[in-house]
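Take a look at the structure below.

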Amino acid sequence: MTSLAGKVALVTGGSRGIGAAVATRLAQDGADVALTYLDAEDKAKAMVTRIEETSRRGIAVQADSADNVALVAAVERTVAELGRLDILVNNAGVFPYAPIEEVTLEEIDRTLAVHVRGVYVATQAAVRHMGTGGRVISIGSCFAERVPYAGVSLYAMSKSALIGMTRGLARDLGPRGITANVVHPGSTNTDMNPATGESADHERTFIALGHYAEPADIAATVAHLAGEGGRYITGASIAVDGGFAA
């Protein structure tokens with residue numbers, strides 16, 4: 001029996017990249033998995049197939065993480081169709097990149113809506129269904145701890161907010177036996193930031209190990225926190241960044 005047998009997880013933004021790797025790993029470890037997606041329906045359906053190939057149940061729910069109503073509905077649908085909710089992985093994200101003078105109010109509002117308000121709203125809805133052993137895991141960023149170049153002040157601000165939120169959640173949820181942690185990936189080989197991209201060589205100069213992570217590297221840490229190995233870890237910010245913040 002695997003460590004997450006009988007558990008149900010919801011991964012926001014689970015149709016690609018780190019989210020897809022997390023959803024796959026949780027299913028491999030025994031959990032039934034729901035995932036949200038914005039507009040890549042084909043990728044979301046493919047992920048459900050991948051989950052079902054592990055002999056677990058999977059569902060995909062279209063939900064913009066900037067839409068409070070849609071997020072709450074995704075949580076409720078997960079519980080209705082899969083029977084419970086034990087693990088929430090707040091993964092959905094955007095990557096605004098521009099000099100501060102060029103950032104628009106619309107970009108500010110959307111980034112904070114997805115990375116901060118959306119995480120809070122999803123967590124608020126999810127923990128209503130969690131009991132002892134529940135897990136809230138948010139995907140942050142190495143930029144929450146170190147910003148070595150310009151253009152990411154908005155992104156860094158939004159991801160830094162997850163540190164304070166997670167510490168507060170640890171206090172709010174600890175008496176109920178629910179843990180809350182944030183994982184900070186470094187440069188990770190995804191379609192949003194490929195290891196063969198134009199800026200990849202520059203990014204590698206900041207990484208102590210000298211190479212990008214694979215999405216599975218991030219998923220491994222999430223899976224540890226979601227399982228029995230994470231039962232006494234809460235309020236923590238865990239870097240999976242190859243030494244970016246060292």
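Start with a sorting rule. Ala, Val, Leu, Ile, Met, Phe, Trp, Tyr, Cys and Pro count as nonpolar. Asp, Glu, Lys and Arg count as charged, and the others, Gly among them, count as polar. Keep in mind that this is a predicted model.

Now apply the rule to the second largest pocket. Its space comes to about 170 Å³. The lining is made of Ser3, Leu4, Lys7, Thr132, Gly133, Arg135, Gly177, Thr179, Ala226, Gly227, Glu228 and Arg231. Sorted by class, that gives two nonpolar, six polar and four charged residues.

Move on to the largest pocket. It holds about 1100 Å³ of space. Its lining has 47 residues, and those closest to the pocket centre are Gly93, Val94, Phe95, Tyr155 and Met192. Which classes make up this lining? There are 19 nonpolar, 19 polar and nine charged residues. Several elements contribute. At least two lining residues come from each of α1 (17–28), β2 (32–37), α4 (105–127), α5 (153–173) and α6 (200–204).

Find Tyr97 in the loop between β4 (87–90) and α4. Is Tyr97 buried or exposed? Its relative accessibility is 52%, and exposed means over 50%, so Tyr97 counts as exposed.

Next, go inside. How many cavities of 30 Å³ or more does a search of the whole structure find? The search finds one. The largest cavity has a volume of about 40 Å³. Around it sit Thr12, Ser65, Leu71, Asn90, Ala92, Val114, Gly118, Val119 and Ala122. Helix α4 gives the largest share of this lining, with four residues. Sort the cavity lining by class, and you get five nonpolar, four polar and no charged residues. The lining of the second largest pocket, by contrast, has four charged residues.

Leu71 belongs to helix α3 (residues 68–82). Its relative accessible area is 2%; buried means under 20%, so Leu71 is buried. Now trace from Leu71 to Thr123. In sequence the two are 52 residues apart. In space, their C-alpha atoms are 9.6 Å apart.

Technical notes
Residues numbered from 1 in each chain as written. Predicted model: local features only at pLDDT ≥ 70, side-chain atom pairs only at ≥ 80, totals over all residues. Heavy atoms only, no water. 1 Å grid on protein atoms, 1.4 Å probe; cavity = no way out; pocket = protein on both sides within 12 Å on 5 of 7 lines; lining within 4 Å. Points joined across faces, edges and corners; volume = space filled by probe spheres on them. Buried < 20%, exposed > 50% of the residue type's maximum accessible area, 1.4 Å probe, protein only.
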